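Please look over the sequence and the coordinates first.

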Amino acid sequence: MNSRVDSVAVITGGTSGIGWKTAELLLESRPDAACALVDVNEGQSGELIERFGQDRIRFVQSDVTDPAAVNAAAAEIEHWNQPINMLVTCAGIHIVGDSFEYPSEHWREVLSVHVNGTFFWCQAAGRAMREAGGGAIVTVGSVAQDFGFPGRAAYTTSKAGIAGLTRVLAVEWAPARIRVNQVIPGMVETPMLQRTAAQGIVDLEAATAEHPLGRLGATGDLAEAIVFLLSEQASFITGAQVHVDGGFRAQRLA
């Protein structure tokens, strides 16, 4: 174990997109921190391992929907580096479909990854944080949780569920000095967005026009907000929803 490390972040869905960028920024800005990237595949984790070394970053293959696998992964991470005192729940999927015909297996899969996966990891990491004397959790929502996007019943419901869970845990776990906040992205240039655009589900030009700042979000935009919420500079912020959406919500509500 690297003796400099005194903070460990777990980032689910951390081998690509927002999770990967958050790990990169956290490691660059916090020499005392290490990151465990929890995902079903290695993705881009090798690039960060090569840059920062295995004392500071590790890929942990695990299914966020399986509580036994989550607990085993948490134990593996604690054996590697202690204490776990930061968690970012980025793991996500997006399956679009007509609500009249939406398959039940897709409904269960989307809610399981987002709601169950977030809760199981909050439980596992939260217990470690309680023992360590506190910590910070950032969940990842979506502007979809506040609006009626056709064909996205499962996605929207799951993200709204994460919002409710964030508020409950922020209040319930405050005495344990565990802060819980949510970032709410607009449309962000991630591999997931590129896949939905390629499938004709999202029109990128129209999506860009929905953001008053005139562009889609970058993964770095979200990473900056997440790393701030994990930091001591945000020590009096809990139960908050931070919209990192280029004005998307403000325009929709205008």
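**Charges, fold and selected residues**

Q: How far apart are the mean positions of the positive and negative charges of the protein chain?
A: In this predicted model, local features need pLDDT of at least 70 and side-chain atom pairs count only at pLDDT 80 or more, while totals for chains, interfaces and linings use all residues. Residues are numbered from 1 along each chain as its sequence is written, and side-chain values use heavy atoms, with hydrogens and water left out. Lys and Arg count as positive and Asp and Glu as negative, His and the chain ends not being counted, and each charge is placed at NZ of Lys, CZ of Arg, CG of Asp or CD of Glu. For the 18 positive and 28 negative charges, the separation of the mean positions is 5 Å.

Q: Are the residues of strand β1 mostly covered or uncovered?
A: Helices (H or I, at least four residues) and strands (E, at least two) are DSSP runs numbered from the N terminus, and β1 comprises residues 7–12. Buried means under 20% relative accessible area, exposed over 50% and partly exposed in between, with a 1.4 Å probe and protein chains only. S7, A9 and I11 point one way from β1, V8, V10 and T12 point the other way, and all are buried. With six of its six residues buried, β1 is mostly covered.

Q: Which residues does L204 touch, not counting residues up to four places away in sequence?
A: L204 lies in helix α7 (residues 204–209) and is partly exposed, with a relative accessible area of 28%. Taking contact as heavy atoms within 4.5 Å, the residues that L204 touches, apart from those up to four places away in sequence, are L193, Q194, A197 and L216.

Q: What is the relative accessibility of E205?
A: E205 also has its place in helix α7, and its C-alpha atom is separated by 17 Å from that of Q251, 46 residues apart along the chain. E205 counts as exposed, because its relative accessibility is 70%.
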